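Work through the exercises below with the model open. Each task is followed by a stepwise solution.

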Amino acid sequence: MANRDRDVTGIGALTDPVRRELYRFVAAQAGPVSRDEAAAATGIARHQAKFHLDRLEADGLLQSDYARPTGRSGPGAGRPSKRYRRSPEQIAISLPPREYELAGRLMADAIAESARTGTPAIDVLRSLARDYGRELGSTATAGQAPTDARAALELALGVLGEHGYEPRDGDGEVFLANCPFHALAQAQTELACTMNLALISGVSEALQPHCPQTRLCPDPSRCCVVLRAGPEPA
């Protein structure tokens with residue numbers, strides 16, 4: 001969620017037309033850009049360029065460093081100038097939330113592992129997605145096991161909500177209103193559902209001894225997995 005909030009802030013910064021033009025100019029340059037260069041290129045005052053460039057940096061769209069102008073060094077060379085370049089951080093917003101980068105990473109790793117070991121790619125994908133889910137669940141517990149089945153379910157739903165699944169209560173089970181792999185699920189339903197079930201089951205398994213129960217319940221309008229609170233251990 002923190003990354004999503006950061007992305008919203010970054011994209012929101014570009015709603016200002018001056019800021020948007022400055023960003024485009026900086027991004028188009030092969031090297032870093034000074035405030036004077038940015039001001040001259042966009043036809044605004046230097047103090048305006050400074051304000052907007054610093055705002056773009058604060059919102060994660062630009063990075064900066066300091067350097068003296070080329071050819072100047074030693075006493076009398078003046079103070080180093082602040083220079084800006086495009087940030088390497090990727091910023092993207094999707095509504096509803098999507099996780100195609102995660103899907104691509106898991107599938108690429110599965111294909112590579114399958115080629116190396118001969119294990120069917122779908123089996124490797126299932127294992128990798130489950131491991132990823134366990135990692136998410138373990139992080140959520142912060143080393144402290146949930147106190148009961150309901151607490152474990154709430155933890156799982158919090159994790160899934162952070163990753164765009166949009167949990168919704170209904171008739172004793174929890175449905176996930178959004179599939180973060182929606183386009184993939186439309187084209188390759190079995191593949192996406194395998195990945196979803198493994199990932200969500202991994203989250204659940206990390207919440208022992210009160211693991212929520214997961215099952216497939218395909219529906220084109222939502223994620224194919226539903227959850228319910230697990231039984232209390234005897």
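**Exercise 1. Helix packing**

Task: Describe how helix H3 and helix H4 pack in this predicted model.

Solution: 
- Take the geometry. H3 (residues 35-42) and H4 (residues 46-58) pack at about 110°, and their axes are 8 Å apart.
- Classify the angle. The range 65 to 115 degrees counts as roughly perpendicular, so H3 and H4 are roughly perpendicular to each other.
- List the contacts. H3 contributes Arg35, Asp36, Ala38 and Ala39. H4 contributes Arg46, Ala49, Lys50, Leu53 and Asp54.
- Sort by class. The contact has four nonpolar, five charged and no polar residues.

**Exercise 2. A salt bridge between the helices**

Solution: 
- Check the distance. The cut-off is within 4 Å.
- Arginine 46 is in helix H4 and aspartate 36 in helix H3, ten residues apart.
- Arginine 46 has 43% relative accessibility, so it counts as partly exposed. Aspartate 36, at 46%, is also partly exposed.

**Exercise 3. A salt bridge between strands**

Task: What does the salt bridge of glutamate 173 and arginine 228 tie together?

Solution: 
- Check the distance. The side chains meet at 3.7 Å, N to O.
- Locate the partners. Glutamate 173 lies in strand E5 and arginine 228 in strand E7, so the pair ties together parts 55 residues apart in sequence.
- Glutamate 173 is buried at 10% relative accessible area. Arginine 228 is partly exposed at 32%.

Methods. Residues numbered from 1 in each chain as written. Predicted model: local features only at pLDDT ≥ 70, side-chain atom pairs only at ≥ 80, totals over all residues. Heavy atoms only, no water. Axes fitted to C-alpha atoms, helices over the stretch in contact; angles between N-to-C directions. Helix = DSSP H or I, 4+ residues; strand = E, 2+ residues; numbered from the N terminus. Parallel < 35°, antiparallel > 145°, perpendicular 65-115°, else oblique. Contact = heavy atoms within 4.5 Å. Nonpolar A, V, L, I, M, F, W, Y, C, P; charged D, E, K, R; others polar. Buried < 20%, exposed > 50% of the residue type's maximum accessible area, 1.4 Å probe, protein only.
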